[in-house]
Amino acid sequence: MWRPDDQQLLERLEERTLMRALWRRMSHGAPPPSERAAGLVHLLRQTDEGARACERALDGEIELLVTLVRPASYVGLRPPLVHHLALWHHAVARTLPPHARGEAEEAWLQALGAWAALASESAYLRGLAEAVVADALPAAERDAVAVDGARRLLAELEERALEGAGALDDVTAISLSVFARVPEALARVEAPPATLASEAVRRRRHLVDATMRPVHEALTEAQARTEPGEAHLAALAAAVRVWRFTAHDLELERFVVDQATPMAWELYGHKQWSMLRRLDATIAPAVDALAERVGRDPDLFAYASRVAQMLVFRAELLTTLDTQLETVERALVLCDTHRNGRLVCADLLSERALRRIETAPLWDRKRAALEARVDTRRAESLFAGLARTKRAKEAIAREGVEP
Amino acid sequence: MSNPFERYGLDPFDGPAAITERMRELAEDAESEEERAEIREAWEALTLHPRRRLELALEAHPDSRPALGRSPRPRRRGRSADALGLADLTALPSVAGALGERTLPDVSLDEDPVLIDVAKKGARG
């Protein structure tokens, strides 16, 4: 006779089988977790959707079950299920090899979201904490430990990454990315702990500083020399590598511009155009990224002038008038009061005015002079009194056009 | 599986006394000093530091499955069932060992001198 107890035993065995299949699918073959993790499958199975997913999984189709353990939102899930999900994803994240970067990031973020969601389930956590330690811990400390799962995860994530930070290894890359995506994880939660996002920012900063340590050492050594040279370029190239590794960290863009500006002035002062050109090429990606940010974020206004100056240096090094003008115009969009930018732009506009007239056929010189006047008038509005502007105005007048 | 609650099959809701009792049994059954040291370390974490015990309990999967029911009763052998064979009369090796038979004959049951002797006596009787 098939008894209810037999049915229960069969279901328990099925849930253990499914838990192990799920683990194999998500963990790249690491040893399975405790049998109690099968409670996750049991709880999922209590809903119609979960029961369907389990049926499919028993037939060998595991993907629906995988989807269910990665919920888009933790709102409304029962606390024991959220607890299981936190532990499950945390275990998967710890187990995945570093090269499975996308899956590892997803697992850390799911675990973080689940721990953050669990933190607001105070009745569940208090009950668990009281049952485990009773009065052996003061109530306040008991509650603090119970809600602190998400913070412990962030601390673990940082600790794992610090070891390989200087070598820019995969574990560090995963941690940096997860820290940057913490808001994405917290969006899955109704009321995440208030300071979690800022803690992630702080830990990410600390990790970025650790990745930059070799760069700082290289720069310090380079700066002990008298003038900017190969060692400086190598150190800045390393900084740009770290900037790319950190998925374009804003602080590193600022760092690169801050470090490169005095070097660029020194090279400019000594007319070392070749070295200045190499400096610009080395740091251009970070400068351009910061320029774009400054253009759309008013809070970064303090950096507008510095980025504009780097673009002005570049404009002066470029070899075609059009690209020179395009670049200096970008600088003026960022900082329209930038003195050097206005001067260089005025000079380039005057040069273009002269070329318009000089290169126009005789029969078309008047139209060219009218176009040139647009350039000289703008040049004067930007920076009055330049010798080249004066020459351009004289050329315009010679064609019978009022300059 | 480094969480001691999961590794040693402990219930986080058991108090330090029950955990100690279970860990003592595990230590007695341990096969090496290394294993015993691990058990002792886990015991200290679970019983001497309540904060750590709580952290580890939170990091252990809650047992969300219903408790298992009773196993079915073994079927009683009726009088009309098949007659007992020689194999039914032999003590299982573990039982024989417990009875003091430390060295069991390394032969098949058909060649076992004790069973052959029993069979001969049965045939005569």
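User: How many helices and how many strands does chain B have in this predicted model?
Analyst: The model is a predicted one. Read along the sequence, chain B follows the pattern α-α-α-α-α-α-α. The count for chain B is therefore seven helices and zero strands.

User: What share of the residues of chain B counts as buried?
Analyst: A residue is buried when its relative accessible area is under 20%. The accessible surface of chain B comes to about 9400 Å², and 51% of that surface belongs to carbon and sulfur atoms. Of the 125 residues of chain B, the buried share is 25%.

User: Among contacts in chain B between residues at least 6 apart in sequence, what share joins residues at least 24 apart?
Analyst: A contact requires heavy atoms within 4.5 Å. Within the set of chain B contacts that join residues at least 6 apart in sequence, the share joining residues at least 24 apart is 44%.

User: Which residue of chain B belongs to a nonpolar surface patch with A:Leu9 and A:Leu13?
Analyst: The patch has about 240 Å² of accessible area together. Its member from chain B lies in the loop between helix H4 (50-58) and helix H5 (86-89) of that chain.

User: Are helix H5 (residues 79-95) and helix H9 (residues 149-162) of chain A roughly parallel or roughly antiparallel?
Analyst: Two packed helices are described by the angle between their axes and the distance between the axes. The axes of H5(A) and H9(A) come within 13 Å and cross at roughly 0 degrees. Because angles under 35 degrees count as roughly parallel, the relation of H5(A) to H9(A) is roughly parallel.

User: Which residues make the contact between H5(A) and H9(A)?
Analyst: H5(A) contributes A:His90, A:Ala93 and A:Arg94. On the side of H9(A), the residues are A:Leu153, A:Glu156 and A:Arg160.

User: Where is A:Ala134 found, given its positive phi?
Analyst: Most residues other than glycine have a negative phi. Phi of A:Ala134 is near 45 degrees. At 38% relative accessibility, A:Ala134 is partly exposed. Its location is the loop between helix H7 (122-133) and helix H8 (139-147) of chain A.

User: Is A:Ala247 buried or exposed?
Analyst: A:Ala247 is not a glycine, yet has a positive phi of about 60 degrees. The residue lies in the loop between helix H13 (230-245) and helix H14 (250-269) of chain A. Because its relative accessibility is 60% and the cut-off is over 50%, A:Ala247 counts as exposed.

Notes:
Residues are numbered from 1 along each chain as its sequence is written. Chains are lettered from A and ligands numbered from 1 in the order in which they are written. This is a predicted model: local features need pLDDT of at least 70, side-chain atom pairs count only at pLDDT 80 or more; totals for chains, interfaces and linings use all residues. Side-chain values use heavy atoms; hydrogens and water are left out. Patches are made of residues with over 30% relative accessible area and no salt bridge: like charges are joined within 9 Å, nonpolar side chains (Val, Leu, Ile, Met, Phe, Trp, Tyr) within 5 Å. Accessible areas come from the Shrake-Rupley method with a 1.4 Å probe; for residues, only the protein chains shown count as cover. A salt bridge is a side-chain nitrogen of Lys or Arg within 4 Å of a carboxyl oxygen of Asp or Glu. Helices (H or I, at least four residues) and strands (E, at least two) are DSSP runs, numbered from the N terminus. Axes are lines fitted to C-alpha atoms, for helices over the stretch in contact, and angles run from 0 to 180 degrees between N-to-C directions. Angles under 35 degrees count as roughly parallel, over 145 as roughly antiparallel, 65 to 115 as roughly perpendicular and the rest as oblique. Buried means under 20% relative accessible area, exposed over 50%, partly exposed in between (1.4 Å probe, protein chains only).
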